[in-house]
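Visitor: I have a model open on my screen and I'd like to learn how to read it. Could you walk me through it?

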2 protein chains.
Amino acid sequence: MDHFQINAVAYVINGRPEVSDDFWGEVPSIIRLRDDLPESTLAGLDEFSHLQVVFKFHLASPEDVHLGARSPRNDPRWEPSGTFAHRNHRRPAQIGISHPRLLKVEGRDLHVVDLDAVDGTPVLDIAPWFAEFGPRGEVRQPGWPTEMLANYWARSS
Amino acid sequence: MDHFQINAVAYVINGRPEVSDDFWGEVPSIIRLRDDLPESTLAGLDEFSHLQVVFKFHLASPEDVHLGARSPRNDPRWEPSGTFAHRNHRRPAQIGISHPRLLKVEGRDLHVVDLDAVDGTPVLDIAPWFAEFGPRGEVRQPGWPTEMLANYWARSS
């Protein structure tokens with residue numbers, strides 16, 4: 001089995017410390033590039049509306065990994081499905097991928113919304129969203145993600 | 001600086017050994033789950049049309065990382081842009097993200113097309129594509145990715 005070391009390149013700043021399943025709408029965040037990485041690594045990123053951000057679920061412990069099938073959010077409304085049919089922190093890599101909207105770039109700070117990661121989250125990679133590299137052809141999915149995510153992008157009251 | 005160890009969970013099988021910028025159209029691949037991971041981790045994945053796959057650019061060497069701005073594909077037609085405005089192997093994490101179409105699941109084998117990774121590529125994570133978690137709102141990008149990728153999804157002759 002191969003294993004790889006991956007370093008954080010940036011950190012999330014948003015003043016939202018608590019892990020939460022829902023209400024990520026309109027949460028503003030800053031992705032702050034590490035001091036020792038040159039600002040020129042961000043050149044031209046501001047021409048893209050969206051990013052693809054890989055981050056570490058750093059508040060999860062290794063014991064949270066679950067290898068098998070379980071109901072999403074442990075809710076019996078939904079049939080059990082597998083670790084790799086979910087997108088939560090219980091996967092072996094304990095990484096998440098988010099597609100925030102980039103509002104502006106200021107020095108080493110990327111100002112974004114729709115980044116569903118808590119304050120202090122280590123960011124492992126930042127890339128622009130290329131339309132050419134999204135899913136190709138018709139997209140199909142079962143009903144449970146849409147039901148489960150009914151309040152995901154709602155605003156916190 | 002935080003660093004994290006991430007293990008391969010699967011490997012790509014497609015008989016395409018050479019690294020190549022273009023002609024990924026219709027290339028079939030198998031993503032084969034590690035023997036020691038239970039098949040139940042894939043339960044329900046077949047209800048999704050597309051995956052989000054994180055893989056390691058394992059043929060790249062650490063010296064290939066470039067921190068700064070350069071013209072995409074070193075082509076002077078395009079203005080220099082930064083490491084994090086690109087999606088190639090020259091990024092610190094040396095990972096790629098692809099969104100292949102899932103054709104079928106057979107035991108530990110995920111049969112896909114549109115996975116732009118060479119034979120033997122270690123896969124660090126597999127997740128379904130949720131429409132809810134894609135870019136939200138209008139997507140905008142500069143002209144160079146579309147120009148650069150004119151033959152990316154063309155068929156190899």
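This is a predicted model: local features need pLDDT of at least 70, side-chain atom pairs count only at pLDDT 80 or more; totals for chains, interfaces and linings use all residues.

Visitor: How many residues of chain A are in contact with chain B?

Guide: Contact here means that two C-beta atoms, placed from the backbone, lie within 7 Å. By that rule, 68 residues of chain A are in contact with 68 residues of chain B. On chain A, at least two residues each come from β1 (3–7), β4 (51–56), β6 (81–82), β7 (95–98), β10 (122–128) and α1 (144–148). The most come from β10(A), with six residues. Elements are DSSP runs numbered from the N terminus: helices are H or I with at least four residues, strands are E with at least two.

Visitor: And how does that side of chain A divide into nonpolar, polar and charged?

Guide: The side of chain A that touches chain B has 36 nonpolar, 18 polar and 14 charged residues. Nonpolar covers Ala, Val, Leu, Ile, Met, Phe, Trp, Tyr, Cys and Pro, charged covers Asp, Glu, Lys and Arg, and the others, Gly among them, are polar.

Visitor: How are the two copies related?

Guide: You superpose them by least squares on the C-alpha atoms of residues with pLDDT of at least 70 in both. Chain A can be laid on chain B by a turn of 180° and a shift of 0.0 Å along the axis, with an RMSD of 0.0 Å. The copies are thus related as by a two-fold rotation axis. In chain A, the C-alpha nearest that axis belongs to A:Q5, 2.2 Å away. Also, 100% of the interface residues of chain A are interface residues in chain B too, so the copies meet through the same surface.

Visitor: Which strand of chain B does β1(A) join?

Guide: In general, strands of a sheet pair through backbone hydrogen bonds, either parallel or antiparallel. Pairing here takes at least two DSSP bridges between the strands. Five bridges join β1(A) to β1 (residues 3–7) of chain B, and the two run antiparallel. A:I6, for instance, stands opposite B:F4.

Visitor: Is B:I6 buried or exposed?

Guide: Count other C-beta atoms, placed from the backbone, within 10 Å: 20 or more is buried, 12 or fewer is exposed, and in between is partly exposed. B:I6 is buried, with 23. Leaving out residues up to four places away in sequence, B:I6 touches A:H3, A:F4, A:I6, A:A93 and B:L124. A:D2, in the segment before β1 of chain A, is exposed, with 12.

Visitor: What is the strand order in the open sheet of chain A?

Guide: Seven strands run β7-β4-β10-β2-β3-β9-β8, with antiparallel pairing. At the edges, β7 and β8 (101–106) of chain A each have a single partner strand, so one side of each lacks a neighbour in the sheet. Further in, five bridges join β4(A) to β10(A), where A:V54 has A:D125 as its bridge partner.

Definitions and conventions
Residues are numbered from 1 along each chain as its sequence is written. Chains are lettered from A and ligands numbered from 1 in the order in which they are written.
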